[in-house]
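Here is a colleague's note, in numbered points, for someone opening this entry for the first time. Please keep the sequence and the structure in view while going through the points.

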Amino acid sequence: MDATSRPLEGKVAWVTGSSRGLGRVIAVHLGRLGAAIVVHGTTPTSTRAFGEGSSLEQVSRDLADETGATVLAVHGDLTDPDAVERIVGEIHARFERIDILINNAGGDIGAAGTGGPRAGKPEPNDCVFIPIADVRAILDRNLLSCILVCRAVAPEMIDRRRGWIVNVGSVAAHAGRQEGAIYATAKAGLTHYSRCLADQLRSANVPVNVVAPGGTVTPRFLAAHEIDPLKLDAVETLDRYGRPEEVARAVEFLVSEPGPFVSGQVIRVDGGAQAWPA
């Protein structure tokens, strides 16, 4: 690639939850654009959950080979403040800074983790009868982790008066639903936290936005849902499941230099399935 095709050259991007699935595709995309990439998983072997790699280190090597990017692998539970601080320290020791933060870690995954039935979805998974352990696990995984990571990374962006934060939400945040209610609530919380953070960081010249995918084809999505084959195989239509690359391109738009005059917003990547205010 020539210099003009690598607009993120010199930038350091940390993509949480990037050992597999959507996060991995976002990391690859940003690496192709020239950024140094920090790949993250909860454990060194979280890549194995849906057969997407033998280890975090293997994924990081593959990403480096595929993109030519410098890649650092980190792991830890982002619901643990001490683990978050340790990871940020490891990133600073290698790269000195974090320019781009993509909070992708999350999912409708209860206390049993990804090894539970339905790829970790609680059962029941509604507003009233969902076990309290699953409520806490989903809120922590999707909302608390985002808050802790932003608290750890935003101060350096404020000091530099430059940086980009994109939090990965979900269209689930924008409509009432019986199934997956706590996940939807957590993503709604993430969305409003992002708006509040955008307001706080506006004077520091740091945009904060949300990308909200609809149903997007990843190995876990296929394992966790009853799949409509017509939406899976469809190509030239908006009435289909999304592809991770389409979400990655939305992220690219929000972290480009000098960047769009956009902050505090939600971009839904769902083919227009939700056409009302976010």
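Predicted model: local features only at pLDDT ≥ 70, side-chain atom pairs only at ≥ 80, totals over all residues.

1. The side chain of E123 meets that of R118 in a salt bridge, with an N to O distance of 3.3 Å, and R118 is itself partly exposed, since its relative accessible area is 33%.

2. E179 counts as partly exposed, given its relative accessibility of 41%.

3. Two peptide bonds deserve a look. The bond that joins E123 and P124, however, is cis, with omega at about -5°, and P124 is found in the loop between β4 (100-103) and α4 (132-160). The peptide bond from E257 to P258 is likewise cis, its omega being near 5°, and P258 has its place in the loop between α8 and β7.

4. A119 is a residue other than glycine, yet its phi is positive, near 60°; A119 is found in the loop between β4 and α4, and it counts as buried, with a relative accessibility of 6%. N205, which is not a glycine either, has a positive phi of about 70°. N205 lies in the loop between α5 (181-201) and β6 (208-213), and with a relative accessible area of 37% it is partly exposed.

5. How many salt bridges does the model contain? The count comes to 13 salt bridges, and side chains of opposite charge can pair in this way when their charged atoms come close. One of the salt bridges is formed by R160 with E156, whose closest N and O atoms are 2.9 Å apart. These two residues are four apart in helix α4, so that about one helical turn separates R160 from E156. R160 counts as partly exposed at 31% relative accessibility, while E156, at 12%, falls under the 20% cut-off and so counts as buried. Beyond this pair, salt bridges that share partners join R97, D99, E156 and R160 into one network.

6. Turning to charge on the surface, D77, D80, D82, E85 and D140 gather in a patch of negative charge.

7. Which residues make up the aromatic contact, and why is it called edge-to-face? The count comes to one aromatic pair. The ring centres of F221 and Y241 are 5.2 Å apart and the ring planes stand at 70°, which is over the 60 degrees required, so the pair is edge-to-face. This pair links distant parts of the chain, with F221 in helix α6 (residues 219-224) and Y241 in the loop between α7 (229-233) and α8 (244-255), 20 residues apart. F221 counts as buried at 11% relative accessibility, and Y241 counts as buried at 12%.

8. A last point concerns G271, which lies in the segment after β7 (266-269). G271 is partly exposed, as its relative accessible area is 39%. The C-alpha atom of G271 is separated by 28 Å from that of A49, a residue 222 positions away along the chain.

Conventions: Residues numbered from 1 in each chain as written. Heavy atoms only, no water. Patch = residues over 30% accessible without salt bridge, like charges linked within 9 Å, V, L, I, M, F, W, Y side chains within 5 Å. Areas by Shrake-Rupley, 256 points an atom, 1.4 Å probe, with all protein chains shown as cover. Salt bridge = Lys/Arg side-chain N within 4 Å of Asp/Glu carboxyl O. Lys, Arg positive; Asp, Glu negative; His and termini not counted. Charge placed at Lys NZ, Arg CZ, Asp CG, Glu CD. Phe/Tyr/Trp six-rings, centres within 6.5 Å; stacked < 30°, edge-to-face > 60°. Buried < 20%, exposed > 50% of the residue type's maximum accessible area, 1.4 Å probe, protein only.
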